[in-house]
Amino acid sequence: MAAVFRSNKRKREKVLIDNSHFESMPMCGIEVRLPPGLKPYPSQKLMMVRMITSISKRLNLLAESPTGSGKTLALLASSCAWLDDYRKKRQDARTKCPVHGENAALDSNDTEFFSDFESTPLGKQILLAVSFASQFIHFFPIIVFISFRRTRIYYGTRTHKQIGQVVKEFSRLPYGGIIRSSREQSCINLAARESRDVSAYCKELISAGGMGCRHKDAMKPRYEKPYNLRDALVQMGAVVFDIEQLVESLSSMPNPICPYFSSTRLLTQDADLIFCPFSYLVDPIIRNSSDVHLKNSVVILDEAHNIEDNCREAASFTFYEKEIADTLCNLREKETVTLKFIEKMAGNVELMDGMEKEATNATICSYTEDLNDMTTLALFVDDLYKWFRETASKLLENARSDEARRDGQAGGSKNVNYSQMGGGDPTDVWLSSTEGPSGYSPVRMGYRTSISMWCMSPELAFTSAFSDCRSVILASGTLCPVETLKTELGLKFHSQMEGDQVIPSDQIFAGVLPVGPSGYKLCATYRNVSDSNSQFISELALVIRAICMTVPCGILCFFPSYRMLTLVYEYMENTSILRQVQTRKVVVKEPRRSSDLPTVMEVYETGVRNPSHYGRHVDGALMFAVFRGKVSYSIEGIDFADDLARLVISVGIPFPNAMDDLVKEKKIYNDHFCKTKSLLSGDQWYISQAYRALNQALGRCLRHRNDWGALVLVDERLTEQASRSPASMVSSARVSKWIQKQLVVYPQFDIFESSLSDFVRRMQLRDDSKNCTENDH
């Protein structure tokens with residue numbers, strides 16, 4: 001008997017939902033169901049009202065609400081409440097409809113009420129007849145047909161791991177949903193899982209000439225309808241909420257069936273709420289192959305602060321020289337085969353007559369059109385390949401003077417790249433040592449030459465995906481500044497909300513530090529951090545030491561670049577400052593490789609939760625990280641709640657790398673089209689990217705209502721952010737509203753140090769009092 005896939009994860013507890021117990025709250029004429037005992041925050045109420053209003057009126061919404069304010073639950077509760085009300089109205093309309101209803105006088109062949117009634121020919125005739133008759137017969141009863149199309153909700157997150165967090169919140173509500181997943185996440189075919197590329201192996205197995213997959217074949221014929229599979233899951237006692245639970249349930253069946261095709265092809269047919277990563281919605285290739293239907297759907301993109309980058313990446317491509325050469329070779333071969341087939345058919349047609357001759361002539365015409373299309377495409381690819389080689393050769397001449405840069409980008413090139421081939425995939429190298437499979441020799445022996453086509457406008461992918469949606473909701477704890485979202489995505493956002501922080505203001509310390517201990521003005525410009533001997537570096541090191549001696553538990557310090565992080569760390573290491581800090585903190589650095597992050601995080605968390613393991617006087621940990629990095633964007637599902645992040649230090653303003661070719665091209669593009677397409681200028685876009693990254697890093701602290709923490713913004717340029725006057729703020733250059741309300745500028749370092757110390761002492765007394773009260777109970 002073949003082995004059956006079993007998850008290595010711990011056994012999951014069954015999640016049961018009691019739909020009879022919930023809190024009910026009327027909003028905009030709709031009953032919103034909430035978990036028992038939950039009293040929503042004002043920001044949650046505002047978000048639910050804006051959500052219901054926007055979806056009902058087919059509007060798009062930008063919603064920002066700080067972490068810990070119940071954003072996810074508000075998004076789910078309001079959208080599900082609207083959908084539940086919509087389904088009832090739709091069913092009621094279907095029942096009473098004179099065409100589709102139970103007592104319909106007219107016979108209709110429609111089996112589903114998914115399309116507009118007025119879009120059917122019969123419906124148009126009835127409407128025209130009623131309209132015409134009403135002009136002459138005033139008492140003629142006017143029948144109004146209200147169309148209720150089938151509507152789904154797609155809830156998108158950045159990663160599969162974040163889906164688990166959303167599903168946890170969703171499980172508190174009296175509803176049900178389906179998860180979309182990739183093959184890598186859900187395949188239970190052992191041979192496929194052991195292969196290097198699960199997706200490619202799966203496609204090869206189920207192709208026309210493949211061996212087939214017994215788990216996919218097991219779905220036929222019993223589980224070809226979604227309700228059959230749902231009944232089977234219910235009989236097994238499985239309440240499916242996330243993909244791991246689905247994999248576990250389906251792989252434990254007597255005859256296991258494929259979770260991937262069950263979730264992406266079967267269960268989604270009648271699902272009303274579907275969870276999936278952004279890529280399933282934004283990327284046209286993935287979207288078209290995953291049976292995603294966005295027309296008339298409600299799309300919620302949570303943690304959408306990077307949606308512009310996601311859209312540009314989805315519409316950008318990289319091609320290797322070998323791929324272009326192979327494409328041209330393949331097109332030429334197909335041209336030859338097609339031409340021979342046409343000549344053969346043309347020779348036989350003279351021997352035919354009647355219907356057979358007409359059919360053959362029609363086939364010849366069809367193949368001739370295909371041949372013309374192939375010839376046109378081949379000419380285009382041939383021109384592209386010639387241009388590619390000529391351009392690459394010129395750029396290569398600029399690189400020959402510096403052979404040390406073998407793995408980097410060739411000098412002077414922008415999006416043409418030379419990367420040295422190692423002992424990796426043999427399919428990546430040329431079949432001959434002197435020429436490629438199509439007869440072309442490579443531009444540079446031993447290297448793969450690639451060309452990248454960068455999309456500068458996220459509108460291209462965003463409108464392609466969402467232009468036909470009923471409503472699109474972009475939500476995040478840090479959408480601000482939103483000007484780029486309004487101008488770059490190609491859709492009009494009719495409504496916008498910026499929720500308040502639910503954490504009491506006395507539990508938040510937020511300050512701008514424009515000077516160091518010696519009074520030196522702190523400004524993290526490139527000139528000031530050019531080397532480790534600069535006064536800015538030394539002053540910053542003293543600031544970090546003072547904070548570490550004052551604040552217990554976890555501290556995160558964000559830098560604009562790895563270069564600055566390294567300069568500060570090396571300066572502290574070469575002086576006594578690092579050793580002094582290490583007497584109180586375990587010091588770690590964010591790694592460049594994602595694979596090293598779990599190990600670093602384990603050391604950091606141990607330093608916070610069990611500091612005595614590292615020394616008698618150690619009371620926490622300090623992590624040096626970078627803006628837009630793994631810690632800042634929390635891409636691994638890291639939650640720095642409570643003691644894990646009692647203070648966040650942000651150093652400077654994290655502008656994107658001005659020397660990066662992609663950044664330069666984007667600025668040029670925006671400057672060129674800022675008037676004709678109503679975009680922000682290149683500089684405005686550049687500034688907005690910096691402040692959104694700043695807001696994202698500051699959001700790592702303060703994760704729930706009972707949390708407390710401090711935010712320290714180190715740079716004199718940020719003093720204006722503490723201004724309460726909207727007129728003094730540049731819309732594309734501001735921190736989130738809840739941060740701005742709390743900001744205080746400390747003109748002298750000793751005042752800052754004293755205020756921070758008082759705040760920490762007060763919060764520690766609060767925690768001690770709370771712990772004593774809990775122990776008494």
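This note goes through the cavities, a surface patch and the salt bridges of a predicted model.

1. **Cavities.** Start with the inside. The count comes to four cavities of 30 Å³ or more. The largest cavity holds about 100 Å³ of space. Its lining is made by 14 residues. Those closest to its centre are Cys187, Asn189, Cys202, Cys213 and Cys258. Find these five in the structure and you have found the spot.

2. **What lines the largest cavity.** Helix α7 gives the most, with three residues. By residue class, the lining divides into 10 nonpolar, two polar and two charged residues. Note that Cys is counted as nonpolar here.

3. **A nonpolar patch on the surface.** Now the outside. Ile285, Phe317, Phe319 and Met453 form a nonpolar patch on the surface. Together they have about 370 Å² of accessible area. Met453 belongs to strand β10, which covers residues 447–453.

4. Where does Tyr41 sit? Tyr41 is in the loop between β2 (30–34) and α1 (42–56). Its relative accessibility is 25%, so Tyr41 counts as partly exposed. In sequence, Tyr41 and Lys71 are 30 residues apart. In space, their C-alpha atoms are 9.9 Å apart. Lys71 comes back in point 8.

5. **Salt bridges overall.** Side chains of opposite charge can pair when their charged atoms come close. How many salt bridges does a search of the whole structure find? The search finds 27.

6. **Arg33 with Glu31.** The side chains of Arg33 and Glu31 meet in a salt bridge, at 3.9 Å from N to O. The cut-off for a salt bridge is 4 Å. Are the two partners buried or partly exposed? Arg33 is buried, because its relative accessible area is 18% and buried means under 20%. Glu31 has a relative accessible area of 37%, so Glu31 is partly exposed.

7. Asp707 and Arg646 form a salt bridge at 2.8 Å, N to O. Asp707 lies in the loop between α24 (682–698) and β18 (709–714), and Arg646 lies in the loop between β16 (620–626) and β17 (647–651). The pair therefore ties together parts that are 61 residues apart in sequence. Asp707 is buried, at 0% relative accessibility. Arg646 is buried too, with a relative accessible area of 5%. Next, Lys664 and Asp661 meet in a salt bridge at 3.7 Å, N to O. Both lie in helix α23 (residues 661–673). They are three residues apart, about one turn of the helix. Lys664 is partly exposed at 34% relative accessibility, whereas Asp661 is buried, with 14%.

8. **A network.** Which residues do salt bridges with shared partners join into one network? They are Lys71, Asp302 and Glu303. Look at Lys71 again: its C-alpha is 9.9 Å from that of Tyr41.

Conventions:
Residues numbered from 1 in each chain as written. Predicted model: local features only at pLDDT ≥ 70, side-chain atom pairs only at ≥ 80, totals over all residues. Heavy atoms only, no water. 1 Å grid on protein atoms, 1.4 Å probe; cavity = no way out; pocket = protein on both sides within 12 Å on 5 of 7 lines; lining within 4 Å. Points joined across faces, edges and corners; volume = space filled by probe spheres on them. Helix = DSSP H or I, 4+ residues; strand = E, 2+ residues; numbered from the N terminus. Patch = residues over 30% accessible without salt bridge, like charges linked within 9 Å, V, L, I, M, F, W, Y side chains within 5 Å. Areas by Shrake-Rupley, 256 points an atom, 1.4 Å probe, with all protein chains shown as cover. Buried < 20%, exposed > 50% of the residue type's maximum accessible area, 1.4 Å probe, protein only.
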